[in-house]
Structure formats: structure tokens, C-alpha cells
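This briefing covers selected side-chain packing features of the structure shown below, with attention to aromatic residues and the nonpolar core.

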Amino acid sequence: MRLNDLLLGLAIMCLWGFNFSVIKLGADQINPILLTTLRFTFAVLPVIFFIKRPPVKLRYLIGYGVTFGVGVWGMMTSAISLGVSAGMAGVLMDLSLISSLLIGWFVLKEKITPRQSLGALLILIGALASLNLQDGSVPLAGLLLVLIGALSWSIIGLIVKMANTQQVFAFSVWGMLFAPIPLATLALISQGPEVFIALPAQMNSSVWFSILFQAYPTTLLGYWLWNRLITQYPLSTVAPLTMLTPVFGLIGSALFHGEVISNAKLLACSFILVGFLIGQWQQSWFRRQTKSAT
């Protein structure tokens with residue numbers, strides 16, 4: 001990759017990693033489902049009026065919006081509000097590797113290699129180790145929501161694959177159009193109308209910052225720049241950068257929320273990150289680096 005594009009990719013990973021801390025900033029003050037509802041409302045409006053709908057079936061757009069909005073970020077934001085630290089939330093999202101392997105095996109009839117099995121095992125060991133942390137950064141209820149979020153992230157990949165679209169950014173924007181209403185409905189069912197009545201009084205500057213940061217830099221700008229890199233370079237060149245997101249997530253949580261990274265937490269995170277690296281490893285990474293070095 002050119003140096004400018006490499007720095008751009010690193011900036012995107014930093015943005016996505018720090019976003020977990022920004023989510024916590026808002027989720028500590030307002031209902032997490034409503035926070036996610038507002039995130040996707042602002043992410044869609046007004047940009048959707050300037051982007052043509054991609055030529056895909058409506059069910060894929062609806063499936064993407066509901067899964068991405070409710071399944072991924074509704075659950076992840078709720079997990080953070082239940083006590084999962086911003087740093088551990090980013091790391092535990094790598095559990096999606098396990099669910100992706102299972103979906104590929106059951107649905108797409110893909111083979112699971114020994115290397116992928118080893119990676120999944122290490123991630124599982126790291127997740128179990130995180131339950132023994134003594135600082136309360138991974139409560140069991142929060143972990144269960146993270147598991148739903150990780151599974152939903154894997155389903156997102158399946159939906160995009162079945163939609164078979166080349167207009168990924170347009171597909172994402174139009175899919176997100178179907179996220180706010182299910183999220184608002186979930187908030188109404190789970191909390192009642194009082195959660196909406198209390199919302200105006202809770203909307204302070206830090207909540208607005210959390211909403212707008214998630215909507216524009218993280219969601220729209222981040223995905224637009226990321227898709228641009230994907231179209232310019234082979235996926236095997238760009239994909240390894242995503243492994244830095246949980247690292248920046250931990251750094252951001254330590255900087256902004258004072259999260260203490262103990263030896264036990266570092267060990268659990270190491271199992272997860274190394275497992276993710278092994279599971280995603282492509283031999284072409286090594287060949288490309290060797291060729292560049294020579």
C-alpha cells in the first residue's frame with residue numbers, strides 16, 4: 001500500500017476503535033437502544049437523498065438494516081451500558097470469527113481448516129478467561145449481548161454475500177434506513193413510553209457528541225473510506241488492518257475512561273487477538289511483504 005493509504009487505513013482503525021469509548025459516553029447517560037436509534041437516524045438522513053438505491057432485492061436491505069442496527073450495534077451498545085468496558089467490547093467482537101466459521105460451514109458448505117479451528121479455539125479460551133476478570137469489565141449479561149452482536153456481524157457478511165452487490169456503500173446506507181424503526185420499537189416494548197418522554201431532558205452536549213460521532217465520522221466517513229481502500233487494493237492487503245481496531249479500542253478506553261489493563265485482561269485479550277490473527281491469516285500477506293522487502 002502507498003504510505004498515504006496505509007496511514008488512512010490506520011486512521012480508520014483508530015476511529016473505529018475509539019468509537020467504543022464514544023458509545024460508552026452516550027450509553028452511560030441515555031437508553032442504549034435509543035442512542036443506537038439516533039445514531040442510525042442521523043447516519044441515514046440526509047445522505048440517503050443523494051445516493052441512488054442499489055439494484056438489490058428489498059429483503060436484503062431490510063435484513064441488513066435490522067441485523068446491523070438491532071443485532072450488532074443495539075446489542076453491543078446495550079452490552080456496554082451493562083458494564084462491558086469499551087476496551088473489552090472491541091476485543092470481544094472478534095468472537096464473530098467463530099460464528100462466521102459456523103455459518104460458512106452450515107449454510108455455505110465451506111470447509112473449516114485446522115488453522116481456522118485453532119484460531120477459534122484460542123478466541124474461545126480468551127473469551128472464557130475474560131469471565132474471570134475481577135474488575136467487572138465483562139459481566140455475564142453483557143457478554144451474552146456481545147455474543148448476539150458477534151453472531152449478527154457474521155450474518156451481515158452472509159446478507160451482503162447473498163445480495164451480491166458491488167455498490168457496498170450505497171447498500172449500507174439504504175440498508176441502514178431500516179434500522180431506526182425496529183430499534184425504536186424495541187425501546188418502546190422493553191422500556192415503555194417513559195423512555196421517550198425522558199429523552200429530551202437527557203440530551204446534553206456529550207450525548208449529542210456521542211450520537212453525531214457515531215453517525216458521521218464512524219459510520220458514514222469510516223465505511224466510505226474503507227470501501228475505497230477495498231476497491232484499490234486486494235482484500236488480503238487491507239483486511240489485516242482490522243485487527244488493530246480492538247487494540248485502539250483498549251487504548252481509547254484506557255485514555256478516556258481510565259480502564260486498567262491488568263495482566264489477566266492482557267492475557268485474555270492476547271488469546272483473542274492471536275486467535276483472530278491465526279484464523280484470518282493469509283499466506284499472501286507473507287508473500288507480498290517478502291516481495292516488497294526484496
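In this predicted model, tryptophan 73 is buried, with a relative accessible area of 7%. Its partner in a tilted aromatic pair is phenylalanine 20, at 5.9 Å centre to centre and with 50 degrees between the planes. Phenylalanine 20 is buried as well, with a relative accessible area of 5%.

**Aromatic pairs and cluster**
- The whole structure holds 13 aromatic pairs.
- Because phenylalanine 20 belongs to helix α1 (residues 3-27) and tryptophan 73 to helix α3, their pair ties together parts that lie 53 residues apart in sequence.
- Tyrosine 64 and phenylalanine 171 make an edge-to-face pair, with 5.2 Å between centres and 70 degrees between the planes.
- This pair links helix α3, which holds tyrosine 64, with helix α8 (residues 168-176), which holds phenylalanine 171, across 107 residues.
- Tyrosine 64 is buried at a relative accessible area of 6%, and phenylalanine 171 is buried at 1%.
- One aromatic cluster comprises Trp16, Phe40, Tyr64, Phe68, Trp153, Phe171, Tyr223 and Trp226.

**Charges over rings**
- Arginine 39 is placed over the face of tryptophan 73, 4.7 Å from the ring centre.
- The charged end of arginine 59 lies over the ring of tyrosine 60, at 5.1 Å from its centre.

**Nonpolar core**
- The largest nonpolar core contains 81 residues, and Phe68, Leu92 and Met176 have the most contacts inside it.
- Helix α3 (residues 58-81) supplies the largest share of this core, eleven residues.
- Beyond its neighbours within four places in sequence, methionine 176 contacts residues including Phe40, Tyr64, Phe68 and Leu220.

Terms used
Residues numbered from 1 in each chain as written. Predicted model: local features only at pLDDT ≥ 70, side-chain atom pairs only at ≥ 80, totals over all residues. Heavy atoms only, no water. Core = buried A, V, L, I, M, F, W, Y, C linked by side-chain atoms within 4.5 Å. Buried < 20%, exposed > 50% of the residue type's maximum accessible area, 1.4 Å probe, protein only. Helix = DSSP H or I, 4+ residues; strand = E, 2+ residues; numbered from the N terminus. Contact = heavy atoms within 4.5 Å. Phe/Tyr/Trp six-rings, centres within 6.5 Å; stacked < 30°, edge-to-face > 60°. Lys NZ or Arg CZ within 6 Å of the ring centre and 35° of its normal.
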